Amino acid sequence: MNRILFLLAVGCSALVSFACTHESKTDTDAITRRSFEAWMAAHAPQAEPLGDTGLYYEVLAQSEEGSSGKVDVRGKWIDVSYRMSTLEGDIFYNRDEATARLIGNYDDYTHYVPERFYIASSWNKSSLPKGLYTAFTEIVPGQTWRVYVPADMAFSSSGFDMTSYGYGGQNALGADKAIIIDELRITDIIENPQQQGDDQIRTLATTPRPEGWGKYPNDTVRQGLYMDVLYRTMAQDTIPVGSQVEIYYKVSFLDGQLIDSNIDSVLTNRFGTVRSSDITSAITVTRMAEGSTATNGYQMPAKVFYAILPDVCYGDSLRIAVPAKYGYFTEYMPPNKSKSQWTASTTFNNYKGYDYGDYTIDDTDYYFGASTFYMPTASSSVVSIAEIKPYTPLIYELVVRKPEN
């Protein structure tokens with residue numbers, strides 16, 4: 001009997017402890033929300049509740065060609081321009097170059113453009129905080145908003161820290177902080193980013209010079225992959241199957257922003273320095289037999305390097321307009337790299353030859369946030385690079401050489 005009473009006492013004590021903990025958490029959330037409401041009343045009385053979402057918003061601007069109403073962006077991709085700050089005004093995330101320079105956080109490696117998101121059909125299928133997901137799905141295209149987000153709908157106890165990279169701000173965001181999403185606007189709504197990228201490549205390659213490359217629509221080495229030979233020797237020494245080539249390269253976004261290069265003068269001219277993590281020797285690529293699996297082995301894990309070798313010669317200098325399926329396709333390249341993330345020993349098997357629709361079957365944006373491999377590095381430190389979003393078309397410029405040995 002004493003043993004039974006003891007177990008009952010322990011059980012009741014545990015229940016009371018759980019109830020107190022739960023009550024404490026509930027009380028904390030309630031106090032935090034009341035504090036947020038009081039701040040709104042005192043500092044932003046002009047802001048309006050965003051329906052019953054728990055957010056408040058202000059319309060800062062309306063473009064003349066803007067939409068007349070809200071658009072359902074779920075199941076689509078959107079490009080979003082915005083920055084985030086605390087209620088006190090400290091910026092902790094920013095996509096604008098002028099703002100980065102103003103707050104002293106500008107970084108040469110950062111590509112200051114609107115951010116692209118896949119918007120899942122509901123928040124619980126999204127990797128976005130609830131406040132950001134709600135703001136992105138509620139904003140009217142053509143309008144610019146300021147959105148006030150309570151802590152429990154922002155980054156909660158995890159906080160947010162990107163102060164080491166160009167998208168960061170003055171300070172990291174601490175735990176359980178309400179935030180402001182400022183200058184929020186949708187710059188584009190995309191049904192199919194792969195098709196959009198293919199169209200951009202085709203426009204660039206087929207537009208007459210000097211604005212474009214002056215190619216013909218069928219003047220392509222692979223479907224949608226346009227190559228422009230800038231220089232070719234008279235010998236035209238073709239590359240046999242199984243033979244290696246050494247490649248010096250630089251890779252850029254379509255707007256000309258340099259992402260990376262293994263040419264020290266290119267890195268110095270653009271970024272002002274060559275870092276210890278930068279590779280400044282030729283990469284070695286083998287011309288693979290058709291249907292074989294390529295391995296990385298200190299090679300760029302981009303399919304374009306293997307796709308073009310049947311059509312180039314030793315000594316060629318060329319540029320290539322590369323649609324996403326020949327680049328990094330669905331993968332997301334975060335704006336930092338370390339030895340653990342970026343390795344040269346991985347097998348080249350992260351390319352998935354599916355159509356765009358197959359990637360949205362499970363209707364979640366978690367897939368598109370998966371990290372992958374981009375460039376080998378000898379450094380164990382984390383360094384900044386340009387962020388590459390899924391389905392991003394690129395421009396490569398290459399010099400192809402015959403190995404001396």
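Me: Which side chain does the side chain of aspartate 316 join through a polar contact of 2.7 Å?
Reply: This is a predicted model. Aspartate 316 lies in the loop between β13 (313-314) and β14 (317-322). Leaving aside neighbours within four places in sequence, its contacts include Tyr231, Arg232 and Leu398. The side-chain partner at 2.7 Å is arginine 232.

Me: Is aspartate 316 buried or exposed?
Reply: Buried means under 20% relative accessible area. Aspartate 316 has a relative accessible area of 0%, so it is buried.

Me: Which backbone nitrogen lies 2.8 Å from a polar atom of the aspartate 316 side chain?
Reply: The aspartate 316 side chain also has a polar contact with the side chain of arginine 232. The backbone nitrogen at 2.8 Å belongs to cysteine 313.

Me: How many residues apart in sequence are the parts tied together by tyrosine 82 and phenylalanine 136?
Reply: The two rings form an edge-to-face pair, 5.7 Å centre to centre, with 70° between the planes. Both residues are buried. Tyrosine 82 lies in strand β3 and phenylalanine 136 in helix α3, so the parts tied together are separated by 54 residues.

Me: Why is the pair of phenylalanine 92 and phenylalanine 155 edge-to-face?
Reply: Planes over 60 degrees apart count as edge-to-face. The ring centres are 6.1 Å apart, and the pair is edge-to-face because the planes are at 90°.

Me: Over which ring does the charged end of arginine 95 sit?
Reply: Ring pairs link a cluster that includes Tyr82, Phe92, Phe136, Phe155 and Tyr167. The charged end of arginine 95 is 3.9 Å from the centre of one ring, that of tyrosine 167.

Terms used: Residues numbered from 1 in each chain as written. Predicted model: local features only at pLDDT ≥ 70, side-chain atom pairs only at ≥ 80, totals over all residues. Heavy atoms only, no water. Helix = DSSP H or I, 4+ residues; strand = E, 2+ residues; numbered from the N terminus. Buried < 20%, exposed > 50% of the residue type's maximum accessible area, 1.4 Å probe, protein only. Polar contact = N/O pair within 3.5 Å; in protein donor to acceptor, adjacent residues only side chain to side chain. Contact = heavy atoms within 4.5 Å. Phe/Tyr/Trp six-rings, centres within 6.5 Å; stacked < 30°, edge-to-face > 60°. Lys NZ or Arg CZ within 6 Å of the ring centre and 35° of its normal.
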